[in-house]
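Dear colleague,

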Amino acid sequence: MNLRPHPPRPADLNLTPLVDVVFLLLLFFMISTTFEQQREIPIALPEAKGQPARQSDSKPLVIVIDSDSRYIVAEQPIAPGPEQDTHELLVQALRQATAKSANRTLLIEADAHTPHQAVMRMLDAAQEVGLTRLAFAATHIPGAQEKSTPPAPAISDPAATAPVEPDASSPRPPQ
């Protein structure tokens, strides 16, 4: 009979199954996850009955203006300030954004309750930079031209929006 104490055996911890499960979970979440474009500021686009714009291959420069006249130029927020400073910041941001891209098309996504002055300030900055091709984003009301029903409530889902080009038959503002 052997009564001498046995030296303790080192613990044998096999981590291979745990690592396999972690990688399988990681792969599952990578495949099943969908990515949505999240806006930094919530806006409710105005509604329009016009024809949806044709989709082009080039991606326009997107300007977002919320109801509090805050601007986001190419996903970069513009710090609010006095009117003259805001204009200079907008011009500078537009110049930087257009310098990075050869596309000179501007898509303005203004909230339905955005003050008109905020949109005009953006248009002035775009004109100063030389951006002349622009479109306004709006929520398209399908079938609105055939029916005379009241407009639907505003939709804030950016996936349900499409840029709408102004109707050629509408009167132009005086220059």
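Residues are numbered from 1 along each chain as its sequence is written, and side-chain values use heavy atoms, with hydrogens and water left out.

The chain has three helices and seven strands, where helices (H or I, at least four residues) and strands (E, at least two) are DSSP runs numbered from the N terminus, and their order along the sequence is α-β-β-β-β-α-β-α-β-β. Of the contacts with a separation of 6 or more, 79% join residues 24 or more positions apart, a contact being heavy atoms within 4.5 Å.

The average pLDDT (the predictor's confidence in each residue, from 0 to 100) is 78, and 76% of the residues score at least 70. Over residues 146-160 the pLDDT stays under 50, and the model has 12 contacts beyond four places in sequence for them. Where pLDDT is low, the predicted coordinates should not be read in detail.

UniProt, in an unreviewed entry, places a "transmembrane region" at residues 15-35; its positions are given in the numbering used here, feature names are shortened, and annotations may be inferred rather than shown by experiment. In the model, residues 15-35 are 81% helix and 0% strand, with the end C-alpha atoms 32 Å apart. Met-30 lies in helix H1 (residues 16-32) and counts as exposed because its relative accessibility is 57%, the classes being buried under 20% relative accessible area, exposed over 50% and partly exposed in between (1.4 Å probe, protein chains only).

Buried residues make up 28% of the 175 residues in the chain. One of interest to me is Val-119, in helix H3 (residues 116-129), which is buried because its relative accessible area is 12%. Not counting residues up to four places away in sequence, Val-119 touches Ile-65, Ala-110, Thr-114 and Phe-136. Val-119 and Ile-65 are 54 residues apart in sequence, yet their C-alpha atoms are 7.6 Å apart in space.

How values were computed: This is a predicted model: local features need pLDDT of at least 70, side-chain atom pairs count only at pLDDT 80 or more; totals for chains, interfaces and linings use all residues.
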